Amino acid sequence: MSTYSDLNRDQKEAVLKTEGPVMILAGAGSGKTRTLVTRISYLIEKKRISPFQVLALTFSNKAAREMRERVSTEISVDVGALKITTFHAFCANILRSEATHLGLGRNFTIYDDSESKSIIKTLLKKRGISTKTISPYEVRAFIEYLKNLGHYRGRSGKLDYEVDEKDYFYPFFEEYEDELSRANALDFGGLITGVIQLFETFPEVLRMYQQRFKYVLIDEYQDTNRAQFTLMSLLCGQHRNICVVGDEDQSIYSWRGADIRNILEFEKVYPDVQILKLEQNYRSSKNIIEAASFVIARNTQRKGKKMWTNNEHGEVLEIIECPDDRKEAEFMSETICSLKKQKKIKYKEMAVFYRTNSQSRVIEDYLRSYKIPYRIVGGIKFYERKEIKDLLSYLRLVINSKDSLALSRIINVPARGIGAVTMRKLEQEAENKGCSLWEIVDDIVDNLGNYSHIKLSAKVKSSLREFCLLINDVKVMNQEKVIPSTIFEKILCESNYLTSLKANKDPESLIRVENLEEMKNGIKQFEEGLSHPTLAGYLESITLDTTVEDEDSGEGLRDLTSGEVSLMTVHGAKGLEYPYVFLGGAEEDLFPSFQSLSTGGTAIEEERRLFYVAMTRAMERLYITFARGRMIHGQIRFNGPSRFIHEIPEDYYKWQIIQKDQRQYDKKQEVWDDFEFSQENHYDYD
DNA sequence: CACCGTTAAGTTTTT
DNA sequence: CTTAACGGTG
């Protein structure tokens, strides 16, 4: 890399301003990643900063991977020392090395959302509270809320948020934290707050990291929560070489704790910040950019950017009014086919976006019947499947025997005759002795005599013995650094998990067997390229990065040169771009969602940002479809087109009506012209 | 202890 | 229309 001539003036500035706080407001398609990558290589090659001192934090592994790859093709120096990683992986890393400071074992387990929910459920149950009196969901939300703020138990000093320790829910937060530390576990939020606690409690540790990371860069800054902001402030407190890159108009994760104030009020914390705007869009046609700009301009929570492009005007957008969701899917399929046939557009250049996952079903049905190859991006989660979680629990227990959640999950899977009654006895004993479930189980097997007060049948005893034997065997294997795939194999066979699955002849079990096969492939893949793969390393890699390699769908439908049409939620589409985009279900109560409308306030602005994100993914053509009537929860609902459609000036679109019928939407009057028409008469076509 | 029927509820999901 | 969760029975 010797020249920056391919960058525009603003981008160059963003590269060159390396000292002090910098905020780059990078609009959609403004060449953000390219700018960041160039900035990193400028730091290293021109300013002779050691790669060891540069830290780039992203949210997704995908983003981290992409940046790492692009940096490594860009610069020739050793990139190995360069830290480009996710917030969570970064924190997990620090905590593993500094674990002892916090009284944590370095082999701690990381619980995902569903696991922390289980913890809360058992917690409530233990207290004899029905889930109807207090919903575990609410408790979880409360705990998550605290962690998103950066709160940890006993945090003191000047807090920039308020915590009411007399809050009805607060004791649950404390009990939950106790439960996690007993299990030597952390949840995702705890990874961040754990590092905050570490830094605030041990200034010398903080100083060490401050000295190491002299240049810090944060991508997708609009999605940071309070805790991440605090972490960043601590880390950059000395040198203040902090560069954040984001777009307030693409902040779509506030329900996950993202705090848009982090970006809107950055100047308050860093008055000397240099704010740079990347406003030239290289992705989309003029029509698309301008139409999207009109929509987003309605938001008040903005710093204000004026996106522009040198690209052609291109075609106007198309608004397609369909009688129902099936005709909408049919329109998409028809259009995709004709684009492919007549304009030789490849499938992989087309994408369908929707607000909710449930919308994909009808679309999939039609795509299949039109023999259009497609792939769902971010649909079913591989690692959330029962059989995968079961085997992961075995592996976890081996690594961290205090992980009682993992133990309870698998002690009777496959069925060994160790049921709820036995488990209650064991849990009681563990509680009395103040030790973990595993210790009790392990001890009972060795020293039965000490447990005469616990009545266990002979069958249960022998089951426990067998289970213990297996786990202890595997623990030894792990200590002897046997590779993960061999350990996996052993558990799969000797736990009888595979045998009992195969005994079931139903197709469900067959799929499970295949999934386990795939899991093994995943482990093998992990081992490749590592000289000393460990089980702990494997677990870390998959809890913090659940992306699964694209499998080849050998269904015969796949067209290698043309690829597949991509289907995803609008959330899933962030950061991506496609020449041809279909945005389905642009209806009131769906997009914007019913919930956001009833929440009121600024919730609608986030929906608008979401709509804006969807629009700005499109490079050449954008089709926005809506259905007059849609099946929702088994009932046909008539919601009318999304308000966001009306926010696009009329010169920017062509309004097309599919299958005229009696119930037409009159966009001039914004009312249905026939309200009395009965649903039944309406929906028996074919 | 496992299975089946009933009931209730229903966004988005980077880690 | 789905799906998850609970409570009753065999």
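**Backbone features in loops**

Tutor: Pro592 sits in the loop between β13 (578-583) and α26 (594-599). Helices (H or I, at least four residues) and strands (E, at least two) are DSSP runs, numbered from the N terminus. This is a predicted model, where local features need pLDDT of at least 70, side-chain atom pairs count only at pLDDT 80 or more, and totals for chains, interfaces and linings use all residues. Residues are numbered from 1 along each chain as its sequence is written, chains are lettered from A and ligands numbered from 1 in the order in which they are written, and side-chain values use heavy atoms, with hydrogens and water left out.

Student: Which peptide bond joins Phe591 and Pro592, cis or trans?

Tutor: Most peptide bonds are trans. The bond joining Phe591 and Pro592 is cis, with omega about 10 degrees. Val413 to Pro414 is also a cis peptide bond, with omega near 0 degrees. Pro414 belongs to the loop between α17 (404-410) and α18 (420-433).

Student: What is phi of Asp589, positive or negative?

Tutor: Most residues other than glycine have a negative phi. For Asp589, phi is positive, near 75 degrees. Asp589 is in the loop between β13 and α26. Glu220 has a positive phi too, near 50 degrees, and is found in the loop between β6 (215-218) and α10 (226-235).

Student: Is Glu220 buried or exposed?

Tutor: Buried means under 20% relative accessible area, exposed over 50%, partly exposed in between (1.4 Å probe, protein chains only). Glu220 has 16% relative accessibility, so Glu220 counts as buried. Asp589, at 29%, is partly exposed.
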